[in-house]
Amino acid sequence: MPELKSVEELEPLRDHLQRDLKVSAKSSTRITVGMGTCGISAGAREVMRVIREELRERDIEARMSTVGCMGMCSREPLVDIQQGDGPRVAYGNVKPDMVPRIIEEHLMNGQVVDDWVVGRVTTRCEDIPFYDKQQRQVMRNCGMIDPESIEEYIASGGYQALAKALTTMTPREIISEIKASGLRGRGGAGFPTGRKWESTLEAEGDVRYVVANGDEGDPGAFMNRSLMEGDPHAIIEGMIIGAYAIGANEGFIYVRDEYPLAVKNLSLALEQAREYGLLGENILGVPFDLDIRIVRGAGAFVCGESSALMQSIEGKVGEPRPKHYHATERGLWDQPTALNNVETWANVPLIINNGAEWFASSGTEDSKGTKTFCLAGQITNTGYVEVPMGITLREIVYDIGGGVPGDGAFKAIQTGGPSGGCIPADKLDLAVDYDSLLEAGSMMGSGGMIVMDNHTCMVDVARYFVDFLKDESCGKCSPCREGIRRMLKILTRITEGDADMADLDLLEELAKTVQNASLCGLGKSAPNPVLSTLRYFRDEYEAHIKDKTCPAGVCRALIEYYIHPEACTGCGLCSRDCPQDAISGERKEPHAIDQELCIKCGICHDVCRFDAVGVR
Amino acid sequence: MTVELKRINEIIDCYSAERMHALAILQDIQREYNFLPREALEQTAQRLGVPEGEIYRLATFFKSFSLHPKGKYVCKVCLGTACHVLGGPRILESLERELGIEAGETTPDGMFSLEAVRCLGACALGPVVVINEEPYAHTTPDRAVKLVRRLAASEDEAEAGPADEMPSIQSAADSSSASRSA
């Protein structure tokens, strides 16, 4: 592997790698398997193994490569076949037993198996409707290049922004470019990145640090994971540029422990960058040294909060500090520190390469550029998407997400994780930007979007988040520690049908106290799920309290399972699987549930093939 | 389990004996022993020159550490928002019933530990269950129980010989996702 001794060596290397890749692409077949965590969960490893086996048995020459997440998680495992320099034909939901037919028809007979094709990908993904309204900038390489290959990253134009920054720009110029672009923090709070860097540069200190926050703790969010797994070099390149701009010689990437593949790909990418001379001393021949290390989190949601994260890097318990000083002045080991989300860092090379004006040409007045989101919950096309800021929620849910599957009706979309809120159907035309979401009682957050339908109880959702926060509150300040526990008590009473209307006022009062009096951002935003559901779904709270019913049929104390005698065929499946032996009946005769014994586990409802088990 | 101080020192020696490496050292010890033995905590404190109480504090603050030995198979049921909405809690309950333990506990034979975790980041394929770092997508209570039964059965069969490899829906036990490098 050649160490790059000067900036001038990068361009010829890129051209050389591009030529190499082109030559090998022209003359060969490339089979790409999506091997992000989503792909692996859906069974991509087994698919990969079967493909290898088939190729060997039939003696077919093909280059196998793995890529990160392309975004179409609902279609995983995804297998692309590219012959020569033709388009990549993407097969979706590939099961091992589908592989022989694909190999036989596509590779041996030259016939694409149209039944299983999701679309054709050239340099972009225009052919696939899922991508119509997307604008893949940060995700440009995800699912396109092998994240384990720095060569593929360089061939796709990687590290050109670094070369440009190091040779043609002063640190001040880099910062002004980032400021002019209007880039705001992608971790959720949306602080202007250029300003943050400027304060770090200007702050007094012996040393400076750059830190990437990859501690994606929000339940329901996996954008950062997909980015770290799928294009680790983009994050690293952004950090090197940032470090040069603020004068840092040491950097850290904090990755949560639950993401082993992200840690693996980032570690490999750092190693490769060192070998190429893109990290270390005199980077690209310029008198500038930097090394970046990975710090693994250990399972604490609060460590996504900047001051807690830095405590954790120092080897201390991840408790937030009061913000008398910003991290830009006194961050890691009390030295000036630029801490940004991994997605923010990955935007930096784009801005340097294409200019601030290009970046600012998409998005809204105050929220520039694109944002990645992940769609999950009751939505047809679950996945990892990137859209220009200002797109409406409706476009995301329906045009990209394909709406709610089955007979469900859209009820709400939850954004911003436990710090965010639930936005109801009549607000679907809301433009997605930092400020509109805040106004609607939610927040951008890191980008999780969970769609909920009429089978989701909003009181249960509020209770879920508060229960989550009860476990995750670090306990340092009492408003958050105690307030959340009390809110949980009240919410539990409501879901169990034991509350009265005065409890709602108390809940609201408590929520506002926690909001006002907590120490860190997580505590201050902890009541958001409660306040937003109270604001938009008060009727559901009242149904639980006044009518003692759960309209969505979720809260156990308020529902019962029953068997429709007309629909029941007496097959006996439910009574066999009932853990309580609460279901009885003669064979081929309608069965019945003994409500005294029933624990409402819902297994009968799941196993019934005749829709004979209902909830009321 | 015997804890050899020599091995603990080897783990610590992979890093410089500075406080900032405390988390990484504890993570490596946890991977080695499946929990944090008391002797290991004491040795880490001594080597790093940090009070034992501080190391204990780290070990109890972060959720991925355990002070008790975990089972051979660690079943993590995701209760992230998407998995919650899609029925994750019911999967956890059915596994609690199947294994006769509650979330956070280990079966008396040391075979299974059951954990409720908040988001594994595979939300698009929920509900998700992860067993020994191998993720399973679109799980149902029924499928989760069958998976655990299959593992238990394979253990019974393998009693005569060692059973290092875990049977899996996806088989092909590629260890790449279980990387410990950092």
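Predicted model: local features only at pLDDT ≥ 70, side-chain atom pairs only at ≥ 80, totals over all residues.

Residues are numbered from 1 along each chain as its sequence is written, with chains lettered from A and ligands numbered from 1 in the order in which they are written.

**Chain A, by domain.** Colour domain 1 (28-83 + 87-121), domain 2 (150-360), domain 3 (370-453), domain 4 (458-547) and domain 5 (560-615); the bounds come from an automatic or database domain assignment. Between the C-alpha centres of domains 3 and 5 of chain A you'll find 36 Å.

**A:Glu482.** Select helix α18 (residues 478-495) of chain A, where A:Glu482 sits. Helices are DSSP runs of H or I, at least four residues, and strands are runs of E, at least two, numbered from the N terminus. Why is A:Glu482 partly exposed? Because 15 other C-beta atoms lie within 10 Å, and partly exposed falls between buried (20 or more) and exposed (12 or fewer), with C-beta atoms placed from the backbone.

**Chain B.** Hop over to chain B, with 7 helices and 4 strands, in the order α-α-α-α-β-α-α-β-β-β-α from the N terminus. Of its 182 residues, 42% are buried.

**The interface.** Finally, show the 55 residues of chain A in contact with 50 residues of chain B (C-beta atoms, placed from the backbone, within 7 Å). On chain A's side, helix α11 (residues 260-275) gives the largest share, 5 residues.

Methods. Contact = placed C-beta atoms within 7 Å.
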